[in-house]
Amino acid sequence: MAIAAVVAFHAFPELVPGGFAGVDVFFVISGFLITRFIAAEMQVGSFSLQRFFVRRARRLLPAAIVCFVVVTALAAVVLFPDALWYHGRSLMAAVLMYANFFFYDTGGYFSAPSLEKPLLHTWSLAVEDQFYLTWPLLLMVLMPRVTRKTLLVVVVAVLLASLAFAERYVPSDPEFAFFMLPARAWELLLGALVALAAFERAIERGVAQVMAVLGMVAIVASFAVLTPQSHFPGLGALPVCLGTAAVIVSGLAHPSLLTRALALKGVVFVGLISYSLYLWHWPLIALTTYWLERPMTAMEAGGVVVASVVAAVASWRFVEQPFRAGHGASLAVRSSTADMRFALSMLAGCVLVVSIALGLKFARGLPQRFDGAVRAMLDQMVSSNPKRRSCDNHENIFANDAICNFGRRKEASQSYELVLLGDSMAD
């Protein structure tokens, strides 16, 4: 449901205005799954930080690298030089896990120019990566040394601090709250809290059934009610996150109609391809809209969604599965040599992507793709008046009067002959 909501929001924003909250569902589920796995291994003394990062890399990197390379090839055909230059910079940010910082610095998630950013969606992957660089370390320090109750108190305290941080910045800098880990960590920690609290031993069947229904209502209502103008991701994200936690807790406690519905083959399969679908859907939507130079029709958007699903299935089948399985070796018997080979291959892939990104950046978006007349026009589209830095705003005009003139210089006893008033188009 979460990936369906995100894809629907991007393809049909009027249909699911709050579908962007599907990412928050991902965060809670991710915090639950990863923490449950780490805690189980720590309890039996088998947790290894190295193996944890290798597993995360096997899960995320191969599909991402393939997607980034293919999307960049498509972008080189579709995007004008200025947009391709920007894509190169965002490509670097995506592969080096600082995409959330990059997109915060260069524009908002909900702004119109977001359709010129095929890798905008990688901000959420960066948030997760940054979280999992620190969270296992904190668990390694605390779990052997404190009681379970103390651990839960610490998690709740950090969770509330993160939520308070988000509330602090949503009114004054909503983009900062949207993109940055300190304002999003509470969502991942809510899932972690569910994993650590072992609710399944304490909830009666009837209560679990009610929790499942109320949780799903909160999730669906958030998708329907939230908009890009909502107070988000502070308290505005609380219903969808608490709803997700409630669904998880109810499923741990007792089977229900909801858990049985979520176990249907079709639903499970969507879950299996959800990561690849998340990777592919937004670049295809953004590049198609950019190429059309207008919003997509419903039929066009539907076609792009179908293409995204096809790409996701191929990515899951031919990229995700082989790398996650270690080319046939089980997790238990996978050798350090196999992990080393994997690490070297992923390093080579990352170096390739970084090289492509640097090439696009220093080549200024490859304007050589266009002939002389078109290239001259494109250069003018992104150029600025060399006098702008010195002459923009009236204070600069008077301070730099000697260079901010058209035609005859103003004499001391006379007024100006011409004044140019306007916005960036007047530049």
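Trainee: Hi! Which residues does Thr122 touch, not counting residues up to four places away in sequence?

Mentor: Hello! Thr122 touches Phe68, Ala94, Ala99 and Phe103. Keep in mind that this is a predicted model.

Trainee: Good to know. Where does Thr122 lie?

Mentor: Thr122 lies in helix H6, which covers residues 122-132.

Trainee: And is Thr122 buried or exposed?

Mentor: Thr122 counts as buried, because its relative accessibility is 3% and buried means under 20%.

Trainee: How far is Thr122 from Phe362?

Mentor: Their C-alpha atoms are separated by 22 Å, and the two residues are 240 residues apart along the chain.

Trainee: Let me step back. How many helices and strands are there in the protein chain?

Mentor: The chain has 20 helices and 0 strands. Its C-alpha atoms fill a box of roughly 90 × 50 × 45 Å, taken along the principal axes.

Trainee: What percentage of the residues is buried?

Mentor: Buried residues make up 45% of the 427 residues in the protein chain. As for the surface, the chain exposes about 21600 Å², and carbon and sulfur atoms supply 67% of that area.

Trainee: What about contacts between residues at least 6 apart in sequence?

Mentor: Of those contacts, 74% join residues at least 24 apart.

Trainee: Now for some helices. How many residues does H3 have?

Mentor: Helix H3 has 30 residues, 49-78. From the first C-alpha of H3 to the last, the reach is 42 Å, close to the 44 Å expected at 1.5 Å a residue.

Trainee: Where is the kink in H3 centred?

Mentor: The kink is centred on Ala57, and the angle there is about 35°.

Trainee: What does H17 pack against?

Mentor: The buried residues of H17 pack against H3, helix H4 (81-95) and helix H16 (298-324). Among those buried residues are Ala338, Phe342, Met346, Cys350 and Leu360.

Trainee: Why does the span of H17 agree with its number of residues?

Mentor: At 1.5 Å a residue, its 27 residues should span 39 Å, and the end C-alpha atoms of H17 are 38 Å apart, so the two agree.

Trainee: Which residues form a nonpolar patch on the surface?

Mentor: Met340, Leu344, Leu347 and Val351 do, with about 390 Å² of accessible area together. Val351 has its place in helix H17, residues 336-362.

Trainee: Why is Val351 called partly exposed?

Mentor: Val351 has a relative accessible area of 47%, and partly exposed means a value in between the 20% limit for buried and the 50% limit for exposed.

Trainee: What follows H17?

Mentor: H17 is followed by Arg364, whose phi is positive, near 55°. Arg364 has its place in the loop between H17 and helix H18 (372-382).

Trainee: What is the phi of Leu366?

Mentor: Leu366 has a positive phi of about 55° although it is not a glycine. Leu366 also lies in the loop between H17 and H18, and with a relative accessible area of 29%, Leu366 is partly exposed.

Trainee: H12 is where Thr244 has its place. What does Thr244 touch?

Mentor: Leaving out residues up to four places away in sequence, Thr244 touches Val25, Val28, Ile29 and Ile219. Thr244 counts as buried, at 3% relative accessibility.

Trainee: One last residue. Where does Ala39 lie, and what is it in contact with?

Mentor: Ala39 lies in helix H2, residues 22-43. Leaving aside its neighbours within four places in sequence, Ala39 is in contact with Met143 and Leu196. At 7% relative accessibility, Ala39 counts as buried.

Trainee: How far apart are Ala39 and Arg408?

Mentor: They are 77 Å apart in space, C-alpha to C-alpha, and 369 residues apart in sequence.

Conventions. Residues are numbered from 1 along each chain as its sequence is written. This is a predicted model: local features need pLDDT of at least 70, side-chain atom pairs count only at pLDDT 80 or more; totals for chains, interfaces and linings use all residues. Side-chain values use heavy atoms; hydrogens and water are left out. Patches are made of residues with over 30% relative accessible area and no salt bridge: like charges are joined within 9 Å, nonpolar side chains (Val, Leu, Ile, Met, Phe, Trp, Tyr) within 5 Å. Accessible areas come from the Shrake-Rupley method with a 1.4 Å probe; for residues, only the protein chains shown count as cover. A salt bridge is a side-chain nitrogen of Lys or Arg within 4 Å of a carboxyl oxygen of Asp or Glu. Helices (H or I, at least four residues) and strands (E, at least two) are DSSP runs, numbered from the N terminus. Buried means under 20% relative accessible area, exposed over 50%, partly exposed in between (1.4 Å probe, protein chains only). The expected span of a helix is 1.5 Å times one less than its number of residues. The bend at a residue is the angle between axes fitted to the seven residues ending there and the seven starting there. Contact means heavy atoms within 4.5 Å.
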